[in-house]
Amino acid sequence: MAEIVLMTFNARYRHASLGLRCILANLGPLREQTRMLEFNLEHRPEEVIETILACQPRIVGCGVYIWNTDLVTRTAGLLKQLRPDIKLILGGPEVGHALDDRPLFELADHLIAGEGEEVFSTLCQEILAGTHHHHLKKIMAPPPELHGLQLPYDDYNATDLAQRQLYVESSRGCPYRCAFCLSARDAKVRRFALPPFLANLQSLLERGGRHFKFVDRTFNLDDAHAVTILDFFIKNHLDGLFVHFEMIPDRLSEEIKQRLAAFPAGTLQLEIGIQSFNPEVLRAIHRHQDTDKATENLSWLLDATQAHIHTDLIVGLPKETPASFAAGFDRLIAIAPHEIQVGILKRLAGTPLTTMTDAEGMIFSSEPPYELLASQRIDFFTMRRYKRFARYWDLVGNSGRFPRTLALVFKNRSPFAVFMTFCDWLFATTHQTHNIALPRLSRLVLEGFSSMEEMDPSALGAAMALDMQTISHTRHDLSGAPPPRQARRLIMKTI
């Protein structure tokens with residue numbers, strides 16, 4: 001039994017909710033009366049409700065994210081049908097600025113917008129004590145003082161430590177105003193005190209934690225802060241350690257470079273958000289980025305460190321044309337990061353992008369994840385091609401399975417043009433973007449590229465044979481840390 005149930009749907013089992021743990025850690029005397037339940041997108045609402053109601057709660061708090069809105073809506077509807085007396089409190093990014101007339105929000109008793117640790121605790125105390133007279137359905141939570149919060153890391157249990165990615169944060173906020181990003185409204189960066197934070201990291205390591213993903217939006221904004229954390233992981237390196245940071249691409253000090261170069265192979269991943277190389281686009285979305293410096297830093301990271309470099313480009317940004325996006329993709333391919341995530345622009349409620357949609361003729365899906373369907377520069381059919389491009393690139397390019405084949409077909413050609421031609425052929429041949437098994441995908445990659453003009457089928461066959469040999473060799477060596485894609489890249493270097 002529990003007076004309060006905290007729950008959410010994570011995108012995958014491997015993910016663990018940092019948000020729920022932050023709320024739980026700061027419930028004070030109510031903590032012992034609270035049960036935390038994590039589900040994933042494979043769970044059915046009936047199963048979830050059965051588990052929740054078995055706890056006999058008076059309050060259910062739920063984290064709402066772009067990936068779980070539909071599932072939370074169905075679950076909330078079922079909860080209110082069966083037990084309308086249970087108070088349903090929603091929080092999370094989808095609550096902050098979204099329209100309050102959506103079905104999910106009509107089902108909720110309260111919505112907490114913002115960082116909810118303190119507000120949720122106070123609200124629950126009032127409800128359980130019978131002193132609650134809060135007439136506001138939507139409560140705006142002011143940012144708490146981070147030094148006053150209880151850190152949530154003791155609430156990662158043994159299963160989390162052994163099987164899941166541990167999300168951690170050393171700061172909140174972002175000083176940049178990128179129009180597509182939720183952090184654009186939160187310009188002030190606040191940092192957790194490092195001594196207790198590092199003590200908690202030490203405890204996680206001692207308890208067996210090895211996979212750490214920092215959710216800081218701008219990890220390398222403050223050199224001293226970043227260097228202290230990097231030094232901690234270098235000093236406390238253990239077998240199986242894997243750490244992920246999101247870095248600002250045009251800002252790498254010599255002190256930070258020194259530390260990044262010191263990490264052993266297979267222990268470090270850096271996410272570098274390029275988004276666009278087009279200066280007009282960067283001005284339109286209020287993104288301050290020195291693209292030449294970003295390019296220089298990316299090249300340095302790939303040459304001087306053993307980090308796995310994950311980069312991002314976004315399709316459909318204001319002022320971006322098909323030609324400029326293609327040029328940006330080709331420029332990034334020439335730098336050769338390990339992964340290029342091609343994302344479709346999303347219209348997130350509360351971001352400055354919402355004020356630009358009419359001028360740009362942008363039409364977005366009304367369903368999560370609210371992706372761009374068309375704009376004055378990219379028609380609907382072209383956007384569908386970009387969507388398939390993003391999916392197929394992840395399967396073929398980012399997977400790291402076909403490096404020799406791709407190097408051959410891209411040589412002296414536009415990688416974007418070649419791969420888009422392949423994508424059109426692949427979709428026309430299969431009418432699928434998912435559920436393509438690896439042996440079939442390999443055959444399709446060879447057949448699709450061989451069908452193009454000026455391609456040498458025999459040379460392609462030889463390159464594919466080597467890639468297949470590598471896939472077979474690596475298949476049995478991807479069981480531990482680092483994750484499979486990163487491990488595959490490391491193994492390929494030795495073959």
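**Figure 1. R102 and E94 form a buried salt bridge.** Both R102 and E94 are buried, where buried means under 20% relative accessible area, exposed means over 50%, and partly exposed lies in between (1.4 Å probe, protein chains only). The closest N and O atoms of R102 and E94 are 3.6 Å apart; a salt bridge is defined as a side-chain nitrogen of Lys or Arg within 4 Å of a carboxyl oxygen of Asp or Glu. The model is predicted: local features need pLDDT of at least 70, side-chain atom pairs count only at pLDDT 80 or more, and totals for chains, interfaces and linings use all residues. Residues are numbered from 1 along each chain as its sequence is written, and side-chain values use heavy atoms, with hydrogens and water left out. By the salt-bridge rule, the count comes to 26.

**Figure 2. R164 and D160 form another salt bridge.** Their closest N and O atoms are 3.0 Å apart. R164 is buried, as is D160.

**Figure 3. A salt bridge links E296 and K293 within helix α12.** The closest N and O atoms of this pair are 3.2 Å apart. Because the two residues are three places apart in helix α12 (residues 291-304), about one helical turn separates E296 from K293. Helices (H or I, at least four residues) and strands (E, at least two) are DSSP runs, numbered from the N terminus. E296 is partly exposed, with a relative accessible area of 45%, and K293 is partly exposed as well, at 30%. Elsewhere, salt bridges that share partners join E115, E117, E169, R172 and R190 into one network.

**Figure 4. Six strands form an open parallel sheet.** The order of the strands is β2-β1-β3-β4-β5-β6. Two strands are taken to pair if DSSP finds at least two bridges between them. The edge strands, β2 (34-40) and β6 (138-140), each pair on one side only. From one strand to the next, the twist averages 20 degrees. Strands β3 (residues 59-63) and β4 (residues 87-91) run parallel and are joined by five bridges. G63 stands opposite G91 in β4.

**Figure 5. Helices α3 and α6 lie across strands of the sheet.** Helix α3 (residues 69-82) lies across β1 (4-10), β2, β3 and β4, and runs at about 165 degrees to β4. Helix α6 (residues 117-129) lies across β1, β3, β4, β5 (110-113) and β6, at about 175 degrees to β4. Axes are lines fitted to C-alpha atoms, for helices over the stretch in contact, and angles run from 0 to 180 degrees between N-to-C directions; contact means heavy atoms within 4.5 Å.

**Figure 6. Strand β11 is largely enclosed by the rest of the structure.** This description applies because six of the six residues of β11 (residues 242-247) are buried. In a regular strand, side chains alternate between the two faces of the sheet. Both faces of β11 are covered: F242, H244 and E246 are buried on one side, and V243, F245 and M247 are buried on the other. Strand β10 (residues 211-214) pairs with β11 in the parallel sense over three bridges, and K213 stands opposite H244 in β11.

**Figure 7. D216 is a buried loop residue.** D216 is placed in the loop between β10 and α9 (223-235), and at 1% relative accessibility it counts as buried. Not counting residues up to four places away in sequence, D216 touches V168, E169, S170, S171 and E246. D216 and G273 are 57 residues apart in sequence and 13 Å apart in space, C-alpha to C-alpha.

**Figure 8. Q56 and A336 have positive phi values.** Phi of Q56, a residue other than glycine, is near 55 degrees. Q56 is found in the loop between α2 (45-54) and β3, and is partly exposed, with a relative accessible area of 46%. A336, which is not a glycine either, has a phi of about 70 degrees. A336 is found in the loop between α13 (322-335) and β14 (339-344) and is partly exposed at 44%.

**Figure 9. The peptide bond from P368 to P369 is cis.** Its omega is near 5 degrees. P369 is found in the loop between β15 and β16 (372-374).

**Figure 10. I363, L373, F380 and F381 form a nonpolar surface patch.** Together these residues have about 410 Å² of accessible area. I363 lies in strand β15 (residues 363-364). Patches are made of residues with over 30% relative accessible area and no salt bridge; like charges are joined within 9 Å, and nonpolar side chains (Val, Leu, Ile, Met, Phe, Trp, Tyr) within 5 Å. Accessible areas come from the Shrake-Rupley method with a 1.4 Å probe, and for residues only the protein chains shown count as cover.
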